[in-house]
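This briefing covers the sheets and the ligand site of one structure. The sequence and the model come first, then the notes by topic.

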Amino acid sequence: MGVLKAIHRAASVWTSPASPEDYLQIINPLASARQLRGVVTEVRRHGARSATISFRPGRGWEPHLAGQWARVGVEINGVRQWRSYSLSAAQGHDPEITVTAIGRVSRHLVEHTKTADVLFLAPPQGEFILPTGPRPLLMITAGSGITPVMSMLRTLIPRRPDADVVLIHSARNEDDALFIDELRTMDRQYAGLTVVIHFTGNNGRIDFSNASAVETVCPDWRSRKAYVCGPTELLDDTEKLWANAGLPQGLQVERFAPALLAPSDTDGGTITFAKSDKEAVCDGSTPILEVGEEAGVIMPSGCRMGICRTCLTPLVSGQVRDLRTGEIHADEGELIQTCITAAVGPVHLEV
Ligand SMILES: Cc1cc2nc3c(=O)[nH]c(=O)nc-3n(C[C@H](O)[C@H](O)[C@H](O)COP(=O)(O)OP(=O)(O)OC[C@H]3O[C@@H](n4cnc5c(N)ncnc54)[C@H](O)[C@@H]3O)c2cc1C
Ligand code: FES
């Protein structure tokens with residue numbers, strides 16, 4: 001047994017029934033050997049639906065690269081829920097996330113977070129980052145998809161007089177547009193940045209299914225490294241556009257939700273959550289993670305889009321379908337990713 005473990009065990013005897021962790025956290029909320037945490041230092045609201053939450057992370061946090069994201073956990077009604085958020089602050093600055101309220105966790109973060117609250121964290125990760133050498137860039141974003149790109153612009157533009165970046169950003173309207181004043185100021189202040197803001201409320205969505213819109217705003221788009229983040233339709237259209245232009249490597253896409261196959265008419269089934277002693281009937285298109293949570297099962301989760309593998313759960317029996325590829329998994333004891341698989345017939349899970 002290591003020295004630290006021995007000290008921890010001795011302390012447990014004196015602090016029982018609460019663990020030494022519980023006492024440590026009263027003294028210092030960032031002190032936890034088990035779970036990385038951060039203390040909220042500021043909350044800035046943007047309109048009714050969004051907020052930027054700055055936090056001071058504890059030991060175990062790695063400084064983020066511009067464009068990366070982190071898993072953030074909050075407790076809602078006593079249950080810890082995890083979601084992923086891009087780190088919108090410039091590289092080298094204290095981290096912050098900018099959250100738009102669309103569902104359970106984001107609404108909680110936007111409406112209830114206050115200074116001195118504690119967030120559960122996992123270290124930053126992600127490959128949606130700036131190129132290592134100088135290159136002309138094209139950023140295409142919509143809605144909350146601006147967040148990783150904001151970190152890139154804040155990092156690059158003030159420090160690099162040779163930067164050459166075109167940003168095409170869509171938002172529903174002026175009130176909904178995140179960072180709009182800062183983007184307009186940067187656009188005026190720095191010759192290396194051109195910002196084009198498009199309001200979909202008045203003008204409809206920009207059509208990226210062919211090259212004409214992007215050609216008009218940015219005639220040399222083919223020679224730029226492109227980054228896209230926003231709703232699924234925007235990502236799918238731009239991926240096809242760049243592929244049809246023979247430039248699939250020139251485009252990098254960040255998805256906030258997984259690219260799933262169209263809902264199939266495959267029958268679902270009854271899922272038995274063995275350890276939790278719960279059952280739920282579901283269709284063949286809803287991820288098992290969502291079915292379990294809805295039934296009140298405490299399901300492990302992280303990115304909720306098939307990247308982080310935090311949701312891996314042993315399949316005791318039955319068949320599940322990968323909602324991204326259609327592949328069937330049916331091996332007893334196989335670890336399945338509940339966030340991107342659905343039941344095909346009766347399924348037993350060890351959770
Ligand atoms: C790498 C990564 C980075 C992310 N960065 C941010 C960020 O910077 N800011 C932010 O607000 N959110 C971001 N998200 C989305 C975030 O993780 C949550 O999915 C989102 O907050 C919804 O969670 P919820 O619990 O509120 O909604 P839920 O109750 O989980 O349900 C919301 C539904 O909407 C879908 N969805 C997720 N994101 C969007 C979206 N932007 N627009 C429309 N539908 C969506 C989900 O797939 C789900 O089906 C990111 C996600 C990933 C994977
Ligand atoms: S929650 Fe990240 S892979 Fe399933």
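How many bridges join strand β3 (residues 69-76) to β4? There are 8, and the two strands run antiparallel. This is a predicted model, in which local features need pLDDT of at least 70 and side-chain atom pairs count only at pLDDT 80 or more, while totals for chains, interfaces and linings use all residues. Residues are numbered from 1 along each chain as its sequence is written, chains are lettered from A and ligands numbered from 1 in the order in which they are written, and side-chain values use heavy atoms, with hydrogens and water left out.

**Antiparallel sheet**

- Two strands count as paired if DSSP finds at least two bridges between them.
- Trp69 has Ser86 as its bridge partner in β4.

**Parallel sheet**

- Another open sheet has 5 strands in the order β9-β8-β7-β10-β11, and its pairing is parallel.
- Because β9 (193-199) and β11 (251-254) each have a single partner strand, one side of each is left without a neighbour in the sheet.
- The twist here averages 15° from one strand to the next.
- Strand β7 (residues 137-142) pairs with β10 (residues 225-229) in the parallel sense over 5 bridges, and Thr141 has Cys229 as its bridge partner in β10.
- Helix α5 (residues 180-189) lies across β8 (165-171) and β9, at about 145° to β9; contact means heavy atoms within 4.5 Å.

**Ligand 1**

- The ligand is surrounded by 20 residues, the closest being Arg83, Ser84, Tyr85, Ser106 and Thr147; a residue is near if one of its heavy atoms lies within 4 Å.
- An oxygen atom of ligand 1 lies 2.8 Å from an N or O atom in the side chain of Thr147; a polar contact is a pair of N or O atoms within 3.5 Å.
- A nitrogen atom of the ligand is 3.5 Å from an N or O atom in the side chain of Ser144.
- Two or more shell residues come from each of β4 (79-86), β5 (96-100) and α3 (104-112), and β4 gives the largest share, 4 residues.

Note on methods: Axes are lines fitted to C-alpha atoms, for helices over the stretch in contact, and angles run from 0 to 180 degrees between N-to-C directions. A polar contact is a pair of N or O atoms within 3.5 Å; within protein, one must be able to donate a hydrogen and the other to accept it, and residues adjacent in sequence count only if both atoms are side-chain atoms.
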